[in-house]
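Q: Please take a close look at the aromatic rings in this structure and at what surrounds them, giving the cut-offs behind each term.

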2 protein chains.
Amino acid sequence: MQIVQQSLADQIYTELKNSILRGELAPREKIREDELASRFGVSRTPVREAIRRLSDYGLVNLAPRSHAAIAGISDKEARDIADLRVELECFAIDHISGELLEERLPELSRYAAECIYALSIGERDRSFSEDSLFHIALVETSGNAALAEVYRRLDARIQLLRVKQNLDEDRLVGYLNQHSELLSLMKAGKTDEAKKLIRIHVLHSEA
Amino acid sequence: MQIVQQSLADQIYTELKNSILRGELAPREKIREDELASRFGVSRTPVREAIRRLSDYGLVNLAPRSHAAIAGISDKEARDIADLRVELECFAIDHISGELLEERLPELSRYAAECIYALSIGERDRSFSEDSLFHIALVETSGNAALAEVYRRLDARIQLLRVKQNLDEDRLVGYLNQHSELLSLMKAGKTDEAKKLIRIHVLHSEA
DNA sequence: TTCAGGAACATTGTACACAATAAACATTGA
DNA sequence: TCAATGTTTATTGTGTACAATGTTCCTGAA
């Protein structure tokens, strides 16, 4: 078995990303390479690379010769991202063929179930990440790799948004149940209804 | 006056990007940090950072512990990217308000004119980059920052695509003239026709 | 001949040191 | 007191050295 030895930069990137998405690092908070390096017990080099990558995914803001800072999301940005999500996911749904859907359905169903299960045992973070996986898989099912790539990039900020929104438990359950509902509509070939549901789902708007 | 001193990594990123987009570095070609460092007369550190960033923009493929390689675009990817472009730009057009259009119109018109002028004096590369600027500005005019960011990211590969397509001069002129035609339609509020034209424009399909 | 194993080499990953610049602070004059 | 300016300090940008790993080529046995 091939042990995929992740680079330190990869590990630190993942760690920092999780910290940010768990809200342990607040928006606008300054980041110092030196401090993180000693915290992780490595040199600045991989930390620096991790920070650059976080910046590429829009999780930190980088000003040249100046401190990096954890990125926040304004209300306007939140709306923009949500609007864009609706567009991208509807585009995906329009392009999902029956065969590809069939193929990916078990995976999609699993994510949908995991979301709800994780929430029920109090693992809100994991529920959120499974939610992300569901939507990423949905978009991938379109077969359009460029779309999938763009969406994966957007996902980091979508996750940031979820944390910020901080929905209460009841609404969250209702929200997560829409996943399997969506799959049913798609299986039945009700594309237009599926797109309507996505809009409601993403914008958290009522019917 | 504030002199914005670009970092070496920035400069090298730009240089390499241009080299790739000019086709001086062929797809699948291997990249060695060491070689580039000595070519640019700097250490590996900024070169490394530039390569990472190129990878983030999809211009080079990066495998851990292995060589980086200039990215190519398959026919399937080309279609995917074009489809996605149509979607994103139509989304933008739908969201462009009269006021924002008014504000940006001079800039858009200038890009449209520069495209044609640059081509007429044989500067095909510059014509292409002005073409990119036109479409980026168009998308920015929507006022949706998330959309603009996503599109700018996609732009690197769109440029790669243009080089690969290598349209003949005649078709290119016709293609570039569609820019001002598009602006006219939008000014007249003929949104649906503008979207139809974008589809034709991007997919290079006839009416 | 061909395949397995290993040694030599090439190249990336990381640590560390120094240089360059921005931020913070103190000092002086009004 | 306050503003302007010089000085110190903190932090990022870059260069260099070494470590870890992947690659290539050779050797020898089936």
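A: Tyr13(B) is buried at a relative accessible area of 10%, where buried means under 20%, exposed over 50% and partly exposed in between, with a 1.4 Å probe and protein chains only. The model is predicted, so local features need pLDDT of at least 70 and side-chain atom pairs count only at pLDDT 80 or more, while totals for chains, interfaces and linings use all residues. Side-chain values use heavy atoms, without hydrogens and water, residues are numbered from 1 along each chain as its sequence is written, and chains are lettered from A and ligands numbered from 1 in the order in which they are written.

Tyr57(B) is partly exposed, at 22%. The search of the whole structure gives 2 aromatic pairs over all chains, a pair being rings of Phe, Tyr or Trp (its six-membered ring) with centres within 6.5 Å, called stacked for planes under 30 degrees apart, edge-to-face over 60 and tilted for the rest. In chain A, Tyr13(A) and Tyr57(A) form a tilted pair, 6.1 Å centre to centre with 50 degrees between the planes. Tyr13(A) belongs to helix H1 (residues 8-21) and Tyr57(A) to the loop between helix H3 (44-56) and strand E2 (60-62), so the pair ties together parts 44 residues apart in sequence; helices (H or I, at least four residues) and strands (E, at least two) are DSSP runs numbered from the N terminus. Tyr13(A) is buried at 10% relative accessibility, whereas Tyr57(A) is partly exposed at 22%. In chain B, the ring centres of Tyr13(B) and Tyr57(B) are 6.1 Å apart and the planes stand at 50 degrees, so this pair is tilted.
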